[in-house]
Amino acid sequence: MKTLNTSRRNFLRGMAGAGALTAAGGCFSIGCKGDGRIRLAAVGVMGKGYTDWLPMLKSGLVKIVAFCDCDYGKRREAQEALIRDGVDFDMCSVPFYTDYRKLLDDAGVLGIQAITVATTDHTHAPIAIQAMKQGIHVYVEKPLVRTLWELDYFNKTAKEYGVVTQMGNQGSSLPGFRRGVEVLNSGILGDVTEVHVWTNRPVWPQGAGAAAATKGAADAIPAGFNWNTWLATAADRPFKGAYAPGAKGYDPWNLCANVYHPFSWRGFFDFGCGAFGDMACHTMNLPFRGLELTTVEKAELKLVEDTSDVAFPMKSIVVMTYKARESKVRPGVKLPAVKLTWYDGNLKPSADLMPQVVAAQGKVPNTGCLVIGTNGVLCSTNDYGGDSFIALKGEKKVVNIKDHEACKAVAHTIQYRDDSSEGLAAASGAAAVSADGHYIEFLDAIRGVGPVFAETHSRCYSDVDYAIPQMEGILVGCVAQRIGKTGAEGVFHWDSAKQAFAEAAPNAFLKPYIRKGFEF
């Protein structure tokens with residue numbers, strides 16, 4: 001794998017970009033090229049964006065050469081956050097854009113080698129794909145993209161241009177998570193045909209309350225907010241500001257007081273992927289990896305509450321069927337088809353499915369995943385899979401896999417971030433061990449440092465070889481939620497090879513609307 005892309009394509013990109021540089025906000029300095037640091041641009045400055053680029057900055061492995069955010073006010077917020085966190089970094093020393101298209105136009109002269117994308121879901125693909133076409137390595141927040149067409153496009157582009165990619169399901173790099181994968185990979189649970197995954201999300205408005213807030217005349221666009229580039233590929237519409245106090249969907253804790261920006265956008269079909277797209281990349285991660293799930297064949301919407309024509313439902317249950325497959329970890333072992341049931345809106349599986357979990361914890365956890373096999377059960381009770389608990393057949397209570405005698409015998413087969421003897425030393429950066437290691441792993445992969453994971457064939461544990469099939473199943477489920485019908489009308493069969501559904505209705509949602517001027 002190349003450490004930095006110095007292809008002819010990159011050379012031409014640099015020549016083309018050398019003519020003019022457009023930066024909003026002044027205080028500009030390109031800085032010194034060739035100092036050994038990766039030249040990073042961050043798109044999405046606060047929220048998840050801040051927690052993505054900050055560990056990379058603190059590692060000392062990058063030089064941030066540009067920021068981009070539709071909301072210019074985020075520049076000041078970020079500087080205040082840096083001061084609060086004791087980080088000596090001057091935001092005014094770096095160019096700041098409010099239009100990602102202009103940033104990418106200037107990528108050559110800026111010498112951008114890598115980019116973080118922590119924006120609205122609907123802009124992940126447009127930004128990342130255009131960057132990859134310029135030979136730029138991409139760290140993209142979950143969900144990787146918003147639609148199935150974009151997912152296929154992303155996959156093909158990443159492979160054509162040979163760039164490093166990493167999806168932002170940060171728990172993937174926790175040692176406890178990787179140990180859970182090893183335990184499941186071992187086959188200790190026997191044949192697994194049933195998985196349950198549940199979340200307390202959405203904690204933002206969806207359903208009828210969100211739809212009602214979009215009606216009526218436009219509100220005034222805040223100063224410094226580029227509504228046009230925030231909309232990006234989406235169809236034009238009036239800007240809507242805050243929910244009226246007391247309105248259905250209004251959040252009295254002020255987490256989601258605004259209709260679209262910031263944060264509340266994720267419940268809308270045109271901008272986000274709802275609770276399923278937001279959280280399944282984390283909460284489904286452990287069973288998906290540990291059971292070596294691949295292609296989803298069918299999605300069935302079993303329950304739905306509070307639907308609308310513009311936003312995801314407030315509550316739903318979706319059953320996903322993953323096809324039988326041969327184990328790559330245990331060659332020659334046939335793994336059966338798996339029914340994975342997804343619950344959101346604070347819905348949970350029955351306590352009867354997990355008596356060993358309830359016996360240990362007193363209740364069904366608020367969020368988690370449950371893997372049921374012929375020889376026992378495994379449950380993770382946090383969103384990132386950092387801790388797992390197991391009970392084998394005949395055992396009354398689950399215990400942490402770290403303390404279970406049978407699990408202690410399971411071989412260590414996946415490199416952890418703190419395995420310094422295996423090429424993942426803390427010397428790779430200040431944040432190399434812990435969840436922040438997910439970011440450093442991305443940077444190390446660009447540098448050609450660290451082992452190649454057998455699962456992804458790269459140095460990133462959430463590269464396209466993993467992220468694409470995981471996201472495909474999630475997005476198939478999101479389509480079922482979007483159609484919002486149960487019974488026979490809520491069953492959809494997906495053909496991954498053809499990239500199409502057998503039924504006509506869901507095929508209407510494969511491709512996003514792409515507004516003129518935002519083609520990619």
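This is a predicted model: local features need pLDDT of at least 70, side-chain atom pairs count only at pLDDT 80 or more; totals for chains, interfaces and linings use all residues.

Colleague: In which strand is Ala66 found, and does Ala66 count as buried or exposed?

Modeller: Ala66 belongs to strand β2, which covers residues 62-68. Because its relative accessibility is 0%, Ala66 counts as buried; the cut-off for that class is under 20%.

Colleague: Let us turn to pairs of helices. What describes two packed helices?

Modeller: Two packed helices are described by the angle between their axes and by the distance between those axes. Here, take helix α2 (residues 48-59) and helix α15 (residues 437-447): their axes come within 9 Å and cross at roughly 60°. The two helices, α2 and α15, are therefore oblique to each other. The crossing in which α2 passes α15 is right-handed.

Colleague: Which residues of α2 and α15 meet?

Modeller: From α2 come Lys48, Thr51, Asp52, Pro55, Met56 and Ser59, and they meet Tyr439, Ile440, Phe442 and Leu443 in α15. By class, the residues of this contact between α2 and α15 comprise six nonpolar, two polar and two charged.

Colleague: At what angle do the axes of α11 and α16 cross?

Modeller: The axes of helix α11 (residues 274-283) and helix α16 (residues 464-483) cross at roughly 155° and come within 9 Å. An angle over 145 degrees counts as roughly antiparallel, and α11 and α16 are therefore roughly antiparallel to each other. Here too a handedness can be given: α11 passes α16 in a right-handed crossing. On the α11 side the contact is made by Phe276, Gly277, Ala280 and Cys281, and on the α16 side by Gln470, Met471, Ile474, Gly477, Cys478 and Gln481. The residues of the contact of α11 with α16 divide into six nonpolar, four polar and no charged.

Colleague: How many residues of helix α8 are buried, and against which elements do the buried residues of α8 pack?

Modeller: Helix α8 (residues 175-185) is mostly covered, with nine of its 11 residues buried. The buried residues of α8 are Phe177, Arg178, Arg179, Gly180, Val181, Glu182, Val183, Leu184 and Asn185. They pack against α12 (285-290), β13 (368-373), β14 (376-380), β15 (388-392), α14 (405-408) and α15. Just after α8, Gly187 has a positive phi of about 85°.

Colleague: What can be said of the protein as a whole?

Modeller: The protein has 17 helices and 18 strands. Of its 520 residues, 57% count as buried. Among contacts between residues at least 6 apart in sequence, 71% join residues at least 24 apart. The accessible surface of the protein comes to about 19,900 Å², and 54% of that surface belongs to carbon and sulfur atoms.

Conventions: Residues are numbered from 1 along each chain as its sequence is written. Side-chain values use heavy atoms; hydrogens and water are left out. Axes are lines fitted to C-alpha atoms, for helices over the stretch in contact, and angles run from 0 to 180 degrees between N-to-C directions. Helices (H or I, at least four residues) and strands (E, at least two) are DSSP runs, numbered from the N terminus. Angles under 35 degrees count as roughly parallel, over 145 as roughly antiparallel, 65 to 115 as roughly perpendicular and the rest as oblique. A crossing is left-handed if the near helix is turned anticlockwise from the far one by less than a right angle, and right-handed if clockwise. Contact means heavy atoms within 4.5 Å. Ala, Val, Leu, Ile, Met, Phe, Trp, Tyr, Cys and Pro count as nonpolar, Asp, Glu, Lys and Arg as charged, and the others, Gly among them, as polar. Buried means under 20% relative accessible area, exposed over 50%, partly exposed in between (1.4 Å probe, protein chains only). Accessible areas come from the Shrake-Rupley method with a 1.4 Å probe; for residues, only the protein chains shown count as cover.
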